[in-house]
Amino acid sequence: MKRLWQRTNKKHLVIGILIILLLFVVVSVNLNTDIDYIAIDNQAVTLAKYDPDSYSVVSDAWTKVRDASTLIVTADEMDAASESGIPYDYNGDVLHLSEGDSITFNVNILEAGAYQIVIDQLDISSSILPNEISLAINSQIPYTESDVIKLTTFWQFENSDFTLDRYGNEILPNSMKTMEWNHNYLYDSTGLNGEPLLYDFIAGSNFITLRCVSGEMLLGSLTIQSVVETPSYEEYLAANPTAEMATQTIRIGAENIALKSNPSISLTSERDPSATSYDTKYTRLNAIDGSSFDTGNDTVVYTVTVEEDGYYYLGFKYKQDYLMQMPVFREIAIDGTVPFSDLQDYPFQFTAEYQNMILNNGTDNYQFYLTAGTHQLSLRVVLDPYRNAYENIVTIMDEINTLSLQIKRLTGNTSDKYRTWKLIDYIPDIETRLDSWITVINDIYTELSLYSHQDNPGQLTNLNLALTRLEELRKDVDKIPTMMEMLSDGSSSTTQFLGWTIDGLLFNGLDIESIYFSGDGDLPKPQANAWVRTTESIKRFFLSFTADEYAVKNTEEGVVEVWVNHPRQYIEIMQEMIDNEFTPITGIKIRLSIMPDENKLILANSTKYSPDVALGVNYWIPYEFAIRGAAADLRQFSGFEDMVQNYAIGAMVPYVFEEGVYGIPETQNFWVTFYRTDIFDALGLDVPNTWEEVIDILPELQRYGMNFYEPLAMFKGFKPFVATIPFIYQFGGTLYASDGMSTVINSEESLRGIELMTDLFTVYNLPEEITNFYNHFRYGDLPIGISDLSTYLQLTIAAPEIAGKWAIALHPGVENTQGEVERWAATGAQSAMILSKSQYQEESWDFLEWWMSTTVQTNFAQRLQTTYGTSYLWNTANLEAFAQLPLPSDDIDVILNQWDYALEATRIPGYYMVEREISNAWNTIVFDDANPRITLDEAVRTANREILYKMEEFGYVQNGVMVMPYNVATIDNISQWLKEYDTND
């Protein structure tokens, strides 16, 4: 058997090496070392109906002032209460503005017209989010984009020399604010308008109102200046001295970022022997991760020191496979100024491999004059070339939704394939609308295709599919009522494909590995030669057999083994914190391992490879371990009662088995109401507080083709506890009898809850299937709904076009007899537990107590975001730590208040059948029009059989007779335990 194993592995090894060699031969044959520039002569298409309050529409009629005039307004002129600027390293007085503060001041403008505004700002907030302001002129917000303007704050890595983890790999360092004054031009927060925003002033007296929307800042002077046109390349050359090309070539590794406007911009490791930093065995950070450098206005800054005056070529070694066969664009500036107009939105074409590109105009390489000394090079993400397409597509989507609403009103929102309609009689211009959309989308497709090397760019596939659907609908408009899925409903509709198209255009990633300033333009090849690549690959292949970084394996004696079900980025920071903060104080050694599969934990518990602690496991797993004797009861450890004081009591329910607690919530979800403030203000609607109020606003919403989103619509078929238990608990119902031997979901209280849960869909016409609430919320057809953390992050990070136009509120509830609105909702996410077989249970508890503490959870959350960015929100279950997260204070208040009503489903043997039967009951009532009481009675009978079967398996029942009661976990149980602790203290 051993010889067979050896022969088999040797055979596989030889085959693997041959495949690697073949791949490198193929790659080396197909590599192109240069990227061609595509000159664009683009005639933009426009639609008159795009948001009339948008910057594009409003500013189009303005006259730009170009007379080089400048008006500087100092802080003391804005507000007499300004403070001396001496302690803030600023030459002048400053104003202190916090969230909600505003100032209004007068300026005298000599010449009417459109000007740029520049603000001196020092970010002093503790949040990693940028400060946000709104700006009004003469008591009016001039355009939508001025409602929320993000002010740039620059960040830098905490250490220029990257530290190594315990395995010898470089770790991405923490980022910190530079704490320097920023001279902020005001930009559209989406990045769709590449140039600074303009503001129109009348001649004479004007009032400016500046409000701090979020954050905290010191405000210096405000400058109103005329628009300065960027020169052409020819004008740039003419304005610079006549000089020779430089003789030196300078290479800058992309990892050497001097400044960045977003802490989310991070580095990655490319296994490229030709990179500025490379190691065969160990990870070396040597390139910008393009997925973190993709959002409008994201900026990176590099410093370069040149030894001689002269002209240089500017080149990049980059990879851009984020927009398929389409370019991304960057504004390129030197020493804070864009040298000439071609660099305002320079294209980086699609390439699946790293390639070299010297900036050029299609004929000649651009030359840049630099004096000897240190200079700054910056790249800013701009989306301006795609703005026209974006605005037109958004307009078409709005018009399609309007047509969809008209058709649904006409047909009663029914789809009867045997009924014919004469839509032209009711919607006379329907054919004209479809023809217009088809024409505009064709024009957009042609316009965008001009940017690409390819005739049919892959990035435009969704746009092409939308066009195909419209053309199919145009063939016979009378069939549209039976083809609404093709027009606006469902995941393959025209509006969905258009939505995916604009989503792609808003995120322009770019990987960069090297930057070159070269006097001769002779750059190193972008790839090492085939022999070097092949030998390096073979070395890494053999080294992979010995790699054990964060891998599950036997640990040395005295080391606590912790399996972690979090991404490696999290684990690297966690291990560093443990090695620097926990082990030196306690002497307890901790080794973190990436959990191979949380479902294998029970199997691992029966082997010698069982961990001592498990982190990040699903919240239902500790109970499964506890009932099988595989988890340790945390109540036995000193300090347990102090720890749980910082957690929502209802979130502890699923970890209780009998009289023990076998897990702690590590992270926690939240379900709250999301609503569009702009739409609710326009309709004059109040945010509903109870389900009755939800029902009250539905006629008004549905009259305008809108609706309310309930999370049941997210789950196809099976409806889990997370979606169903709010209706049972809010009406005072419970899942099980007090002895745990049966379910009581057919009680009067539960029946009322389940009747509402089904009536919302059968009587009040809530949508039964919504695959992506986030998109519907953005587009406005579902301007209100209940959702969770994932939606919150998507809206915060990936929906800049509705920034400041949405908010969250408490989950709708049911008012009880005391007048309190009960808002019970699930919160389960990930948890922590100690395994019963651990030989180091006390040490494991010491670690768990440290890890779950407020200080450590707060520090970890901050480290995670300042290292990897705002999207890495650590939704800690520790309430005190969560209150310190860099989120808007209003949002934190809502979430914490909602967590007062956190309540997870209690676990008993056979609970899964109760969950399934509630789901089956919903489907039967909604789709088969069944009687709720009869349906629930049948569900109870089915679930009870399974509960008794499982109770017998675990020794609570023998021969169908209960031999001992099962203690059903409730909030009351846990509250009583905590009271007992307090009494004993």
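These legends walk through close-up views of charged side chains in a predicted model.

Local features are described where pLDDT is at least 70 and side-chain atom pairs where it is 80 or more, while totals for chains, interfaces and linings use all residues. Residues are numbered from 1 along each chain as its sequence is written, and side-chain values use heavy atoms, leaving out hydrogens and water.

**View 1. Arginine 778 and aspartate 503 meet in a salt bridge.** The N to O distance here is 2.6 Å; a salt bridge means a side-chain nitrogen of Lys or Arg within 4 Å of a carboxyl oxygen of Asp or Glu. Arginine 778 sits in helix α20 (residues 773-779) and aspartate 503 in helix α10 (residues 494-506), so this pair ties together parts that are 275 residues apart in sequence. Helices are DSSP runs of H or I with at least four residues, strands are runs of E with at least two, and both are numbered from the N terminus. Arginine 778 and aspartate 503 are both buried (buried is under 20% relative accessible area, exposed is over 50% and partly exposed is in between, with a 1.4 Å probe and protein chains only).

**View 2. Glutamate 700 pairs with arginine 703 inside helix α17.** Their closest N and O atoms are 3.2 Å apart. Helix α17 covers residues 691-703, and the two partners are three residues apart, about one turn of the helix. Glutamate 700 is partly exposed, at 23% relative accessible area, and arginine 703 is partly exposed too, at 45%.

**View 3. Glutamate 769 and lysine 716 form a salt bridge.** The closest N and O atoms lie 3.5 Å apart. Glutamate 769 belongs to the loop between α19 (748-762) and α20, and lysine 716 to the loop between β32 (708-709) and α18 (721-730), so the pair ties together parts that are 53 residues apart in sequence. Both of these residues are exposed.

**View 4. Asp272, Lys317 and Glu513 form one network.** What joins the three is salt bridges that share partners. For context, the structure holds 23 salt bridges.

**View 5. A patch of negative charge on the surface gathers Asp686, Glu692, Glu693, Asp696 and Glu815.** Patch members have over 30% relative accessible area and no salt bridge, with like charges joined within 9 Å. Asp and Glu count as negative, each charge being placed at CG of Asp or CD of Glu. Accessible areas come from the Shrake-Rupley method with a 1.4 Å probe. Helix α17 gives the most to this patch, with three residues. Glutamate 815 is in strand β35 (residues 814-815) and is exposed, with a relative accessible area of 52%.

Key:
Patch = residues over 30% accessible without salt bridge, like charges linked within 9 Å, V, L, I, M, F, W, Y side chains within 5 Å.
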